[in-house]
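Student: I would like to learn how to read a protein model feature by feature. Could you take me through one slowly?

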Amino acid sequence: MALSGLPRFLASRTLGRAAEVKAPLWLITHEISTSGPDLVTDAGSTSFRRYAKYTVFKGKAALSLEPVLPTIREVDSRSSRVFKRGCVVLKFYPAIALQKYDWKRRQVFALSPTEAGNLIALGPDESCEFLHDPSLKSSLEGQVRKSLQVSPSANDKGYFLNLMVANKIQNTNERLSISVTKAEFAVIRTILTYILPHIIGWSQARRSQLPGTASNLHKQFERRLDPASKWEN
């Protein structure tokens with residue numbers, strides 16, 4: 001099962017403790033799959049694709065997380081810079097039956113580095129909300145609004161992730177909710193902590209200083225489309 005998926009950050013705010021939204025739990029599955037050699041040694045190769053995701057399946061929805069690396073462009077023969085920062089893509093899939101999900105009706109929310117840091121620093125009794133407009137500063141601004149709320153469950157056993165998407169173009173309002181245990185949220189924190197330097201581009205900048213790697217790094221990242229248009233539209 002292959003699941004694929006930068007937002008434009010509008011605001012984040014701390015909320016009070018949210019009421020519990022009950023969701024039946026029938027299965028918890030964690031999936032981390034990786035393929036391909038080291039980033040530095042294969043940066044110039046076009047013959048491989050690398051997949052890495054963490055997926056949680058619950059009764060009402062499924063949630064997957066996967067990183068999107070930044071776009072790096074070569075400035076000259078001796079240097080390159082980050083052209084577009086990366087993100088962490090959250091994908092929500094609604095359940096249509098027991099152990100079945102509608103993969104085509106997924107809703108996507110791309111966490112910026114700052115938003116990822118907000119989740120990493122989230123206290124046990126704290127909540128947060130992120131608001132996105134994928135078409136911000138364009139002619140379609142305000143047509144699609146996304147809100148992601150993360151709040152602790154009432155029984156202190158985990159967290160709820162609630163995604164609301166209002167689409168004026170399609171005249172739809174969708175809400176997807178999923179509960180995660182403390183252990184699952186700990187995994188999410190660890191993933192975000194690990195991937196943060198990579199989506200900012202710091203790890204690539206450090207590695208590009210190694211002999212023989214700087215001239216090839218930009219080739220891999222130039223192939224990536226603008227994350228703002230690809231991941232949240």
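This is a predicted model: local features need pLDDT of at least 70, side-chain atom pairs count only at pLDDT 80 or more; totals for chains, interfaces and linings use all residues.

Student: Let me begin with the overall picture: how many helices and strands does the protein chain have, and what share of its residues counts as buried?

Tutor: The secondary structure of the protein chain comes to five helices and 12 strands. Of its 233 residues, 44% count as buried, and the accessible surface comes to about 12200 Å², of which 53% belongs to carbon and sulfur atoms.

Student: Now to the strands: which strand is joined to S2, and in what sense do they run?

Tutor: Strand S2, residues 54–57, is joined to S3 by four bridges, and the two run antiparallel. They form a hairpin with three residues between them, and within this pairing Tyr54 has Leu65 in S3 as its bridge partner.

Student: How many bridges does S3 make with S6, and how many residues of S3 are buried?

Tutor: S3 and S6 pair in the antiparallel sense over eight bridges, and here Ala61 stands opposite Pro94 in S6. Strand S3, which spans residues 61–68, is mostly covered, since seven of its eight residues are buried. As a general idea, the side chains of a regular strand alternate between the two faces of the sheet.

Student: What can be said of S9 in the way of cover and pairing?

Tutor: S9 is mostly covered as well, with five of its six residues buried. Its pairing with S10 is antiparallel and runs over five bridges, with His132 standing opposite Lys146 in S10.

Student: Turning to helices, which residues of H1 are buried, and where do they sit around the axis?

Tutor: In helix H1, residues 113–120, the buried residues are Pro113, Glu115, Ala116 and Leu119. These four lie on the same side of H1, because they cover an arc of only 160° around the axis.

Student: How many aromatic pairs are there?

Tutor: The count comes to five aromatic pairs. One of them is formed by Tyr93 and Trp103, which are edge-to-face, with 4.8 Å from centre to centre and 65° between the planes. Planes over 60 degrees apart count as edge-to-face, so the angle decides the label. Tyr93 lies in strand S6 and Trp103 in the loop between strand S7 and strand S8, so the pair ties together parts that are 10 residues apart in sequence. Tyr93 is buried at 2% relative accessibility, whereas Trp103 is partly exposed, with a relative accessible area of 31%.

Tutor: A stacked case is the pair of Tyr159 and Phe185, with 4.1 Å centre to centre and 25° between the planes. This pair links distant parts of the chain, with Tyr159 in strand S11 and Phe185 in helix H2, 26 residues apart. Both Tyr159 and Phe185 are buried.

Student: Which residues form an aromatic cluster, and where does Arg73 lie?

Tutor: Phe57, Tyr93, Tyr101 and Trp103 form one aromatic cluster. Arg73, for its part, lies over the face of Phe83, at 3.5 Å from the ring centre.

Student: How many disulfides are counted, and are Cys87 and Cys128 buried or exposed?

Tutor: A disulfide is a covalent bond between the sulfur atoms of two cysteines. In this model the count comes to zero disulfides. Cys87 counts as buried, because its relative accessibility is 0%, and Cys128 counts as buried at 1%.

Student: Finally, which backbone angle deserves attention at Lys137 and Asp156?

Tutor: The angle is phi, which is positive at about 65° in Lys137, although that residue is not a glycine. Lys137 is placed in the loop between strand S9 and strand S10, and it is exposed, with a relative accessible area of 76%. Asp156, also a residue other than glycine, has a positive phi near 60°. Asp156 sits in the loop between S10 and strand S11 and counts as partly exposed, at 38% relative accessibility.

Student: How far apart are the C-alpha atoms of Asp156 and Lys182?

Tutor: The C-alpha atoms of Asp156 and Lys182 are separated by 8.6 Å, while the two residues are 26 residues apart along the chain.

Terms used: Residues are numbered from 1 along each chain as its sequence is written. Side-chain values use heavy atoms; hydrogens and water are left out. Buried means under 20% relative accessible area, exposed over 50%, partly exposed in between (1.4 Å probe, protein chains only). The arc is that of the directions from the helix axis to the C-beta atoms. Two strands pair if DSSP finds at least two bridges between them. Rings of Phe, Tyr and Trp (its six-membered ring) pair if their centres lie within 6.5 Å; planes under 30 degrees apart count as stacked, over 60 as edge-to-face and the rest as tilted. A charge sits over a ring if NZ of Lys or CZ of Arg is within 6 Å of the ring centre and within 35 degrees of the ring normal. Accessible areas come from the Shrake-Rupley method with a 1.4 Å probe; for residues, only the protein chains shown count as cover. A disulfide is a pair of cysteine sulfur atoms within 2.5 Å.
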